[in-house]
Amino acid sequence: MNKERDYSIDIFKGLLVIGMVYCHILQFFSNPMVFTGAQRVIDVVNIVTFTGFVFSFGYVGQIAYYNKPFKAVYGRMLSTALKTLIAFYISGTYYRLFLDRKPLTWSTIKPILILQDIPGWSEFLISFSLIMLVGLVLFKPLTWLVERKFKFWVVVVLLLITTYLPYDKVTVNQLGLLIGTRKFASFPVLQYFPYYLIGMYAARYKLGWNWKFLVGSLAASGIFITYVIARQGLPERFPPSIYWILSSAFLVYVYYLAAKVLVISMKYTSFLRVLGQNVLLYLLLSNIMIFTLKHNQEQLLLSTMECLWFDVCILLLINFFIRITISTKLGAKVALKSEGVNH
């Protein structure tokens with residue numbers, strides 16, 4: 001077993017993958033007007049999932065990159081960001097071709113490539129890529145910041161205040177991906193970056209059960225709950241208000257602690273770990289499967305439980321793809337070694 005790897009964060013990401021795929025299936029194949037529980041599940045998953053992934057990127061970055069020399073890791077960081085960008089291109093193009101039924105032409109693909117067109121249910125992928133690129137560009141400032149706790153939390157608060165930027169004035173799509181806009185649905189890097197920083201902090205200081213974090217996360221989510229009760233509805237998500245950004249704090253911490261507990265039973269969490277170690281593959285392939293089915297079965301209507309079973313089936317199918325790929329690679333290596341011996 002790799003001693004450096006923190007398997008609890010794989011479990012954490014695995015839990016998020018299950019929820020995100022389930023949420024996408026509900027959004028495409030269920031109807032909250034018919035199945036009343038569907039919208040509640042969608043809302044909870046929407047609250048915790050994206051920020052949870054951003055937290056995990058910061059956490060993994062601190063362990064794998066930020067405690068090492070920049071020259072030794074920048075290539076891997078850039079590679080990860082580029083792979084995620086390509087996943088966005090594939091998912092976004094697939095959405096336009098199969099759901100919007102646009103022609104396979106340069107005029108369809110070019111706006112996606114230059115980030116002028118951000119297709120639905122793919123915008124999270126480009127945000128993942130940009131967050132990792134920002135983490136790369138700010139490598140040295142971030143390594144400096146995480147070592148200075150007071151300054152660290154000041155920066156976190158300042159980033160939260162950016163949710164009050166005049167989103168209406170942001171009309172350039174590419175800029176909107178970074179700082180937010182009302183032109184299209186996006187997860188702007190600036191407003192969600194506090195969770196990246198907190199992920200770094202959690203890894204750097206080996207955060208576990210901590211009453212200060214518990215109180216802080218409860219207070220943050222409490223502000224969101226107070227808003228929901230007072231306004232009788234959810235705060236703005238696209239672009240995010242401060243209430244939306246704060247909403248997930250407690251759930252992210254609960255997921256994190258749950259993963260720390262589950263990692264003790266390594267034998268029974270292998271499936272979750274595979275999910276967490278192959279996040280990009282699961283999110284991309286699940287999108288392709290969902291888009292394809294929606295294209296062919298437009299009228300398909302599933303209950304919340306049927307959607308859950310669909311979620312399980314998709315995840316198991318992708319897991320099968322991973323396993324046969326690994327088996328093929330191992331078989332090829334064995335064959336090469338045998339040939340080497342024979343010759």
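## Helix 3 and helix 5

Helix 3 passes helix 5 in a left-handed crossing, meaning that the near helix is turned anticlockwise from the far one by less than a right angle. The model is predicted: local features need pLDDT of at least 70 and side-chain atom pairs count only at pLDDT 80 or more, while totals for chains, interfaces and linings use all residues. Residues are numbered from 1 along each chain as its sequence is written, and side-chain values use heavy atoms, with hydrogens and water left out. Helices are DSSP runs (H or I, at least four residues), numbered from the N terminus.

The axes of helix 3 (residues 70–98) and helix 5 (residues 123–137) come within 8 Å and cross at roughly 165°. Axes are lines fitted to C-alpha atoms over the stretch in contact, and angles run from 0 to 180 degrees between N-to-C directions. Helix 3 and helix 5 are therefore roughly antiparallel (angles over 145 degrees).

## Residues between the two helices

Contact means heavy atoms within 4.5 Å. On the helix 3 side, the residues that meet helix 5 include Phe70, Tyr74, Met77, Phe88 and Ser91; their partners in helix 5 include Leu125, Phe128, Met132 and Leu136. By class, this contact has 14 nonpolar, 5 polar and no charged residues. Nonpolar covers Ala, Val, Leu, Ile, Met, Phe, Trp, Tyr, Cys and Pro; charged covers Asp, Glu, Lys and Arg; the others, Gly among them, are polar.

## The nonpolar core

The largest nonpolar core has 104 residues, and Phe88, Phe128 and Tyr196 are among those with the most contacts inside it. Such a core is a set of buried Ala, Val, Leu, Ile, Met, Phe, Trp, Tyr and Cys residues joined through side-chain atoms within 4.5 Å. Buried means under 20% relative accessible area, exposed over 50%, and partly exposed in between (1.4 Å probe, protein chains only).

Not counting residues up to four places away in sequence, Tyr196 touches Val54, Phe57, Gly58, Tyr66, Ile131, Gly135 and Leu142.

## Loops and a buried asparagine

Neither is a glycine, yet phi is positive at about 65° for Leu115 and about 60° for Trp121. Leu115 is buried at 14% relative accessibility, whereas Trp121 is partly exposed at 26%.

Asn287, in helix 14 (residues 279–296), is buried at 1%. Leaving aside neighbours within four places in sequence, Asn287 is in contact with His24, Ser91, Trp121, Ser122 and Phe124.

A cis peptide bond joins Phe238 and Pro239, with omega about -5°. Pro239 is in the loop between helix 10 (211–231) and helix 11 (242–247).

Note on methods
Angles under 35 degrees count as roughly parallel, over 145 as roughly antiparallel, 65 to 115 as roughly perpendicular and the rest as oblique.
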